[in-house]
Amino acid sequence: VATASLVPPREEAPAHKQPPDHLDTALHGEKKSAEIVENIKRRHSKLINSSQLLYQEYSDVALNKAIQNQKRADSLSEELELVSPGSRNSPKLRRKAPYSQDSCLQRLSVSSSASLWQDIPMVRGSTMLLSMTREEQKLQEAKFELIASEASYLRSLNVAVDHFQHSPELQAVLTNQDKQWLFSRLQDVRDVSANFLFDLEEKLEENMFTFNVCDVALKHAPEFHRVYLPYVTNQTYQEQTFRRLLNGVPPFQQVLEKLESDPICQRLSLKSFLILPFQRITRLKLLLQNILKRTRPGADEEVQATQAYDALEKLIKDCNENVQRMKNTEELIYLSQNMVFECKIFPLISQSRRLVKRGELTALEYNLSLKWKLTTRPIYLHLFNDFLLLSRPRENGHFIVFDYAASSEVRGEKCEMKLHGANKNVFRLFLLQNNQGKKVEFLFRTETQSEKLRWISALSPQQAELDLLDDPDAPQVQCVKSYKARENDELALEKADIVMVLRQSTDGWIEGVKLSDGERGWFPSEQVEFISSKQARQMNLKEEQRVKNAKQQVFRRK
């Protein structure tokens with residue numbers, strides 16, 4: 001199908017301030033080849049100026065839309081719009097009143113129906129749309145969302161690089177090391193996004209009705225890995241540098257306030273721009289997953305979608321492992337400097353060791369000399385993946401370790417004793433073999449029920465990986481407010497995440513497993529809403545099974 005240009009030629013206002021020509025210099029000062037420079041310069045996206053929305057707001061609109069879609073499915077209100085599966089006469093996706101023949105790209109707005117493929121004038125006025133099933137239309141909408149969101153993402157990256165990173169005023173108040181830690185390879189991330197978007201738009205213009213995006217994502221996956229892995233790995237240093245500059249360097253504060261007040265930032269902070277690459281790779285994986293769920297089983301497009309999804313999944317796993325490894329190393333170094341062993345000395349620093357949970361608990365003991373009077377003392381637990389350390393906390397973050405045991409020799413169990421008042425949240429801790437080879441038992445009290453349940457869960461032996469898709473009756477929740485994990489046993493959530501519920505506490509905490517990646521942890525119940533419809537829950541499981549089956553089929557062929 002021959003197609004005209006997506007956007008009529010017209011003069012565009014610049015989407016961002018143009019800095020002095022920096023395209024010929026890479027982040028590390030290396031000269032780029034003439035071919036790459038020309039490649040980047042010719043990438044004038046037709047979508048990037050289609051909306052005033054930066055990616056921070058665009059993403060929020062898209063996620064809110066996903067939440068509302070799940071709520072509609074949960075209330076079963078969509079049944080009125082559905083027809084028999086596979087019908088070639090399926091109705092088009094529900095539309096609003098006809099629009100004027102303006103460029104479809106002006107349709108990107110804050111509205112919940114932002115950036116619809118069916119609202120491109122050529123698509124809207126074509127008879128081909130009438131011959132497509134509802135599922136085929138949904139697939140094209142899912143592909144177009146990936147393209148439109150990449151355009152919004154690049155728009156924000158342009159602001160981050162051109163307005164902030166290349167600001168002469170900001171450059172003047174930063175040392176070379178600060179520049180490296182604060183911005184890392186942000187310009188490289190921007191350049192990769194520009195190339196990716198250009199190739200996506202070319203695909204769209206080749207054929208607006210059957211365009212593919214997964215082959216493009218798969219082609220660019222090595223470049224994603226090249227730039228995103230070091231950028232995300234630098235996250236810890238980036239956050240530390242930003243806090244230090246913000247709290248201790250007045251000239252930085254002044255320049256930053258001036259830059260952030262510029263209308264181009266739309267009242268968004270530098271920090272919101274710096275975290276975009278972390279958010280984008282996760283979102284890109286979910287967009288590819290959404291496309292995969294809608295592709296026809298056995299089609300070539302299914303293979304490309306599965307491979308692209310798998311590549312993003314591996315990238316995110318590598319990023320998380322790198323960040324966690326750096327965090328673990330810093331924690332172990334800090335603890336080794338602040339721990340004193342009064343028992344047999346334990347070599348703390350190890351590359352394979354990671355902290356699972358830590359915290360101060362109240363130990364309950366019956367004192368025989370005081371006629372079995374219950375006494376208390378504070379004990380601090382550091383639970384690693386391989387050992388548990390027990391210590392007496394001291395001032396200024398110091399600890400005196402008096403006992404430890406291998407994690408395989410540790411058990412946490414509910415306490416059946418009837419204790420009154422403040423002693424109701426209690427559990428037993430057993431060291432089956434401590435550092436002296438003896439069996440030791442402790443009785444601990446926590447402040448809340450959730451804290452007790454979290455400790456028992458953390459101290460329990462590692463269970464085999466749950467097959468979530470085998471339990472259609474298990475409760476599910478949807479995240480309606482993002483949550484950043486504060487402790488090692490917590491689960492970070494983004495809007496629209498679907499989570500299988502494993503257990504709940506009476507004080508507002510839930511332990512669950514994300515359907516999208518199998519990550520497990522605790523989170524506040526106020527961040528989520530329960531999915532009450534069994535049909536909606538079964539549909540969520542069916543879609544995840546679709547992805548699982550596709551991966552098994554595709555990688556079995558290799």
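The side chains of E342 and R392 come together in a salt bridge, with N and O 2.6 Å apart; a salt bridge here is a side-chain nitrogen of Lys or Arg within 4 Å of a carboxyl oxygen of Asp or Glu. E342 sits in the loop between strand 1 (339-341) and strand 2 (355-367), and R392 belongs to strand 4 (residues 387-393), so the pair ties together parts 50 residues apart in sequence. Helices (H or I, at least four residues) and strands (E, at least two) are DSSP runs, numbered from the N terminus. R392 is partly exposed, at a relative accessible area of 23%; on this scale buried means under 20%, exposed over 50%, and partly exposed in between (1.4 Å probe, protein chains only).

The model is predicted, so local features need pLDDT of at least 70 and side-chain atom pairs count only at pLDDT 80 or more, while totals for chains, interfaces and linings use all residues. Residues are numbered from 1 along each chain as its sequence is written, and side-chain values use heavy atoms, with hydrogens and water left out.

In total, the structure holds 34 salt bridges. One of them joins D60 and K495, at 2.9 Å from N to O. This pair links distant parts of the chain, 435 residues apart: D60 is in helix 2 (residues 55-74), and K495 is in the loop between strand 9 (476-479) and strand 10 (498-504). D60 is partly exposed, with a relative accessible area of 32%, whereas K495 is buried, at 17%.

R280 and E150 form another salt bridge, their closest N and O atoms lying 2.7 Å apart. Here helix 13 (residues 276-294), which holds R280, is linked to helix 5 (residues 134-165), which holds E150, across 130 residues. Both partners are buried: R280 has 1% relative accessibility, and E150 has 2%.

Turning to the nonpolar residues, the largest nonpolar core has 78 residues, and W117, L146, F164, F183, F252 and L288 have the most contacts inside it. Such a core is a set of buried Ala, Val, Leu, Ile, Met, Phe, Trp, Tyr and Cys residues joined through side-chain atoms within 4.5 Å. Helix 5 supplies the largest share of this core, 14 residues. Leaving aside residues up to four places away in sequence, L288 touches L146, C214, A217, A308, Y309 and L312, where contact means heavy atoms within 4.5 Å. Another core, of 19 residues, lies apart from the largest one and includes L388, F442, I456 and L459.
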